Amino acid sequence: MSPDLALGTYRCRNIPQATVHAIACGATWIDTAPNYHHGRAQPQLQSVLAGNLDLRVSTKAGFFTPDIATAARDAGVLTPAEAASGHCLTHRYVAWQSRRNATELGRTPALVFVHNPERAARPHDAIAGAFTALEVEARAGRIGSYGVATWTGFEGAFSVADLLDIATRCGGPGHHLAAVQLPVSLVMLKPVAQALDGTGPLAEATAAGLNTFISAPLHGGELPAMVTDELAQLIDPGTTPADAALLVTVSTPGVNHVILGAGRAQHWQAAQRVLALPPLPAKTLHEVIDVLGA
């Protein structure tokens, strides 16, 4: 089964307009966070979500803006030192932020990601504190499930097996850990190589029945300019650099959802066409990895 598209609001300039284009091209998820757009991303989504009940939304807890820090300090869930750090995963803060997310979105989030726990001094302990809070929220029906969104965490800070073990300790065999989010692209090829060998976070998540969300498939929009015509033709003869780069990500085994921050209709339509293409064979993916030296 091919992956599907999700709208990411991190770099998206006009969120309501991008949502219209994303929905028209079959996107079923919106991925956001309380700190995106200087704290304005979630409120901007409220009217869109109210008018599209089938859309599912994933948000996060971890990073916060200065305004959120002030509100959290006033609520007694952040110490001055924690507020100054810009990132916190304590039980009390995660629970507070999760409920604030729901208020800003105007609906129950389908998924709350623990945001970049590798930033913590003791990632496993930070994850355990966050998971404990999110288990309570999930069991109370205030969130659907939870996961971990990371940039470099799977490069040594923790593994999918670690996350499953922590979730089981925090929530028992009926825990609500449901997803992981990580970057996979021509710049971040290690997960591709691992997936082809049946190892790494994508293979482990798939084996455990976890959903996988892929961030930065075009590396913040920088990849199309970085892909040479020669590399594009190696990936898929006759394709554009942008389409070739995206095709590598969507062809990687274990990828379920691909998050795009595109704001223009033509970019969503191009992505929709890429998803309709046959996935690249493993031989081609291996050739790309060899050429790029990943």
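The following dialogue explains some terms applied to this predicted model.

Guide: In this predicted model, local features need pLDDT of at least 70 and side-chain atom pairs count only at pLDDT 80 or more, while totals for chains, interfaces and linings use all residues. Residues are numbered from 1 along each chain as its sequence is written, and side-chain values use heavy atoms, with hydrogens and water left out.

Visitor: Why is Asn116 called buried?

Guide: Buried means under 20% relative accessible area, exposed over 50%, and partly exposed in between (1.4 Å probe, protein chains only). Asn116 has 16% relative accessibility, so Asn116 counts as buried.

Visitor: Why is Ala216 called partly exposed?

Guide: The relative accessible area of Ala216 is 21%, and therefore Ala216 is partly exposed.

Visitor: What makes the phi of Asn116 worth noting?

Guide: Asn116 is not a glycine, although its phi is positive, at about 50°. Most residues other than glycine have a negative phi. Asn116 lies in the loop between β4 (111-115) and α6 (123-139); helices (H or I, at least four residues) and strands (E, at least two) are DSSP runs, numbered from the N terminus.

Visitor: How do you know that the span of α6 is close to the expected one?

Guide: The expected span of a helix is 1.5 Å times one less than its number of residues. α6 has 17 residues and reaches 24 Å from its first C-alpha to its last, close to the expected 24 Å.

Visitor: What makes α6 mostly covered?

Guide: In α6, 12 of the 17 residues are buried, among them Pro123, Phe131 and Leu134.
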